[in-house]
Structures are given as C-alpha cells and as structure tokens.
Amino acid sequence: MDHFPVFLRVHGRRIVVSGGGEAALAKLRLLLKTTGHITVFAETAAPEIQKWEEEGKLTLNRRALAPGDTLCAALFYAADEDDAEDARTSAIARADGALVNIVDNLQDSQFITPAIVDRDPVTIAIGTEGAAPVLARAIKADLESRLPVSLGALAKIGKSFRKAADALPFGRPRRDFWRAFYFETGPEAIKQGEVAVRHGLDGLLADHLNRKARPGHVHFIGAGPGDPDLLTIKAQRALDEADVVIYDRLISQPILELARREAIMIDAGKEGFGPSTPQEDINALLVKHARTGAQVVRLKSGDATVFGRLDEEIDAVDAHQISWEIVPGITAASAAVAAIGQSLTKRGRNSSVRFLTGHNIAGFADHDWAALARPGEVAAIYMGKKSARFMQGRLIMHGADRHTPVTLVENASRPDQRIVETTLDALPAALSAAEMSGPALTFYGLSKRKAATAVTDLAPSLISHTPPAHAQEAL
C-alpha cells in the first residue's frame, strides 16, 4: 500500500487549484462539495469556473500562481495540463507546506483523490493507487446503486443523537442499538420524514436501555480452504459481529481481515507433531469469553465438522449452558478436487470416498488398509504429509497397486496453490522434492483430469504453481 487512506478535515481551510481547463473543472466539481475555502489561479478560466466565482463558491485569480499563493493551504492541485507549469506550481506549493496533487502524474503527487460515493456524512472512498481508474469508477457505480439516497439523512440524524445514545454501555449494547437504527427502525421511519425518525430513535433508545444484556454465544465457523470468496455469507455476518475471534493456524490472513477491527483476535493454532495450543486451553478460552456476554467466533479451517475436534469444544460450552451454532464451511477436499478438475465420486470408478486423517492424538492414524488397498478405492487424506511413508507402507503391505495415482494439492483455492501428481510407489520422493510448507490434501486413487486415462511414469509427473483454467473458474 503506497497510499494510506485517510479522511482529511478541510472545513474552513484553504484548497488551491492551479488551472482553468478540463482537468481543473474535474477536480473542482468534487472539491465544491467540501466546506473548504477554494482558490483558483488561472489566466484563462472555463465559463463554469467563472460562474462559480459569481455565485461566491470560490475565489478566482486571473493570473498564474506565484510564490506565497499557497501559504496555509491544506491541499494543492496542479491542473494546468502542462508538465512544465505543473512542475513549477507544485514546487511553489511544496515550499509553502501544502500537500500536492499533480493531475495525471501519480509519481510526483503526494496524495491522490479517490473515486467517492457521497451520502454526506457517509463517504466511501475507492482508490486503486492509480492502477485502474476504470475499475474504481465501476465499483463506485455499483455502490451508488446499492446505497439509498436517504442514507445520508439517517446518518445526520444519528450523529445528532450520539450523545443520548452514550447512556448505553460501551461495546455491544451500543453497537446493537445503532445496528437496529440503521438497518431496521431508521429506514422504515424515514419514509414518514425526519420527525418520525427522531421519534423512532427515542423509542428505540428506551427499549435498549431496558433490555437485558445479550447473553454470550459461540459460532463454530468453517472458514473454508482459504479463499475468502468461498466463505459463506452467514460466516461473514458472524465475523462482522464478533467480539472475540479464536482462530486456527491455517486460517488465511484475508479471512481474518473480515473481522471487526475492534474484535479481540486470539491465535489458537495447532500443528501436527509440532507446537500447539492445548485443546483444554481452547475450551477454556471459549467459556471465559462467552461467559462475559461476548459473541465469540471459533474459526476453523475448512469445515468445522471435519477433523476439527468440534465435539470437545461443544461439550465445553454446553457444560456452562452457553448457546452455540455451527456454520458449515467448504472442506479442503471439495476445494482440492475442484482444483484438479475431478469429482470425488464417479459412476464406474468409485461409488464412495473415504475422508481420512494422516495422524491423530496418538500419532500416525491407523485405518482399514485392506479395504483401501482394493482397486478403484478413493480417499481424501487430511494432514497426510508427515505420515505419507507410513501410509504407503501399510497400503503396499495390504496389496495396493504401486501404480495407484496419488495427487497432492497444497494451499487449495489460494493464490499459491500447487498440484503434485505422483503414484503410491513414488509418493515419499515426490513430497520430498516438492518441499511443501503449506497445508496439503492428498488424494489416493485420483489424478488430474488430463492425466486420468493412464499413469505412465512412476516419478512425479507434474508440479504446477498455478491452477489450470478450469480450476480457476471453479474456485
């Protein structure tokens, strides 16, 4: 991020523009929405600028900018549409201490003006660091169509009521009040006018002041394989409302970014055969925070019900009469099989699939190896990297074909996704060569679609760093 987004207070402060043509006009149309004092320097000014001067909306000086003209200015726009003149005026403004923007010159500008959705006092700024103005305008148009014009009026009324709302305890009670106003009471009341909105606020505040504190609650959420676009809408809502988020090691940063900035974020990571947060400590954290009335999100990678020790955590909150809910997520097997262009079951190939874990609390997990070694069996193996040699030995010992295809998908659905194709015989060597550091899902009995007809090489046949086109569409 080269440009840090801030909202600069310009009320009563000078904003200076050098230029009187189209570039200056484009900036002035936006700047005139502010409460700043706008001054324009231009030897020749467009008719619109002259009209704004006549209406008292700005001050027009019919000459070129000179040293001292930008003293005490908060912002300066060089909009003469001439590189040499823009360089001259911007040097003057910098010397006078103003922040400088040179129109269509990102490199030499100290700030940029984003695309803005204006529902004063609600303002949404959209910036692309100058990389894609067309995209910024498209996002602006989409937001404009979604946000009602009445939103600004509601926000102004709400702003005037903030001191009265301070009678509510800080934190969730106050947030619940404002959420009810902006998404329920306010939009309904504004149809009858501002007076109805103010009456509605009074009644809503009285209701919330007499309301019992909301009890603590735990959402057990499956965060999916890592791509935030695969998170369910229900999971996003819970994250947005959470007071506390207790998350696993494999949760991707883009998903954690969806939580409220004020939420308490607790890393409760576990790693197979490595450093881990004891399960008893996680259970205690859930109970501790929920008993204070917090809305707690327990964020688990993939689907919370698949190899997530969910029952132990539910038992812990149940023991303290704490309410809870499970929000399903996309499990890693679903994302990984989409990445290789396959389905988990296929008529004529396999009518069932096994979800296995490579290890459990005691160590490497044991399974029905004889059944799995039969021709045509398919298994999705979670946490199988470190137990690969163990599983290979068990399967071969029970008669599995050494040529059985094995596909590993690392970081399924994420930008750094990798796919490794190999066979049961070459599995440990393939893993060693790939040097995988991220979470990986192992498919026993499945290969990528383009290689599904035959396996001709016992060595790893492909290590790819990007998903194929059809996988990108699926994810």
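**Close-up views of a predicted model**

**View 1. The lining of the largest cavity draws its largest share, 4 residues, from helix H15.** Helices (H or I, at least four residues) and strands (E, at least two) are DSSP runs, numbered from the N terminus. This is a predicted model: local features need pLDDT of at least 70, side-chain atom pairs count only at pLDDT 80 or more, and totals for chains, interfaces and linings use all residues. Residues are numbered from 1 along each chain as its sequence is written, and side-chain values use heavy atoms, without hydrogens and water.

H15 (388–397) and strand S19 (440–444) each supply at least two lining residues. The lining includes Ala388, Met391, Val406 and Tyr444. It divides into 8 nonpolar, 2 polar and no charged residues. Here Ala, Val, Leu, Ile, Met, Phe, Trp, Tyr, Cys and Pro count as nonpolar, Asp, Glu, Lys and Arg as charged, and the others, Gly among them, as polar. The volume of the largest cavity is about 50 Å³. A cavity is a set of points on a 1 Å grid over the protein atoms alone where a 1.4 Å probe fits but cannot get out; lining residues have an atom within 4 Å of a point. Volume is the space filled by probe spheres set on the points, which are joined across faces, edges and corners.

**View 2. Strand S18 (residues 418–423) is mostly covered.** Of its 6 residues, 6 are buried (under 20% relative accessible area; exposed is over 50%, partly exposed in between; 1.4 Å probe, protein chains only). Arg418, Val420 and Thr422 lie on one side, and Ile419, Glu421 and Thr423 on the other. Strand S17 (residues 405–410) runs antiparallel to S18, joined by 6 bridges. Val406 has Thr422 of S18 as its bridge partner.

**View 3. An open sheet of 5 strands has the order S3-S2-S1-S4-S5, with parallel pairing.** Two strands pair if DSSP finds at least two bridges between them. Strands S3 (59–61) and S5 (99–102) are the edges, each pairing on one side only. Neighbouring strands are turned by 20 degrees against each other on average, direction ignored. Axes are lines fitted to C-alpha atoms, for helices over the stretch in contact, and angles run from 0 to 180 degrees between N-to-C directions. Contact means heavy atoms within 4.5 Å. S1 (residues 14–18) and S4 (residues 73–78) are joined by 5 bridges. Arg14 stands opposite Ala73 in S4. Helix H1 (residues 22–31) lies across S1, S2 (37–41), S4 and S5, at about 165 degrees to S1.

Conventions:
1 Å grid on protein atoms, 1.4 Å probe; cavity = no way out; pocket = protein on both sides within 12 Å on 5 of 7 lines; lining within 4 Å.
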